[in-house]
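Colleague: I would like to learn how to read a fold from its coordinates, going from the overall layout to single residues. Could we take one example slowly?

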Amino acid sequence: MFKNPIFWVFLLIITWLCMKNKIYKNGQTLQLTENFNLSELHSKDGSDMSAEVFENLVKLITKVQKLRTESGLPFKVNSAYRSEAHNKKVGGAKNSLHTKGMAIDISAPIGTELREFLLAKRENWKGGFGLYSWGVHLDIGPERNWNA
Ligand SMILES: [Zn+2]
């Protein structure tokens, strides 16, 4: 069997499929950038995340880290990845970018220094920027901005 090249090709394909579908367990910690850990970005209902969601979160948080560094202020993450079920439960928009790991909600209530800082950066954010009373929604989808 081990001398048969088909066996090795088969093994390679199986290995590749397993790696491709790698799951990041809910609660798993991993320092992604200087100030953000994967543990802050998990779906709040305990769901695991796919490799695809994880890769999106890395892209997103790399951009968010730039703002974090520039501001010098702590960022409290209200919500980042949401499983489809959790998104539905919290009344998120259908096909929300949160379900793809492409969006993050940062707490920055009215009257805070962080809110003023983020508002000043609004024009430079190449993605979605939604302003709410509790803070700011940032995503790496198409460029849009709105006030809730
Ligand atoms: Zn959001």
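Predicted model: local features only at pLDDT ≥ 70, side-chain atom pairs only at ≥ 80, totals over all residues.

Colleague: Which elements make up the protein chain, and in what order do they run from the N terminus?

Modeller: The secondary structure comes to four helices and seven strands, and from the N terminus on the order is α-β-β-α-β-α-β-α-β-β-β. The radius of gyration of the protein chain is 18 Å, well over the 15 Å that the globule rule gives for 148 residues, so the chain is more spread out than a compact globule. Along the principal axes, the C-alpha atoms fill a box of roughly 70 × 30 × 30 Å, and buried residues make up 26% of the 148 residues.

Colleague: Which residues have the most contacts inside the largest nonpolar core?

Modeller: That core has 25 residues, and those with the most contacts inside it are L57, L60, I104 and L138. Two or more residues each come from helix 2 (51-71), strand 4, helix 4 (113-120) and strand 6 (135-139), with helix 2 giving the most, namely six residues. Leaving aside residues up to four places away in sequence, L138 touches V64, A103, I104, I106, W125, G127, G128 and F129.

Colleague: Is N95 buried or exposed?

Modeller: N95 has 10 C-beta neighbours inside 10 Å and therefore counts as exposed. N95 lies in the loop between helix 3 (84-89) and strand 4 (103-107), and its phi is near 60 degrees, a positive value in a residue other than glycine.

Terms used: Residues numbered from 1 in each chain as written. Rg over C-alpha atoms; globule rule 2.2 N^0.38 Å. Buried ≥ 20, exposed ≤ 12 C-beta atoms within 10 Å, placed from the backbone. Core = buried A, V, L, I, M, F, W, Y, C linked by C-beta atoms within 7 Å. Contact = placed C-beta atoms within 7 Å.
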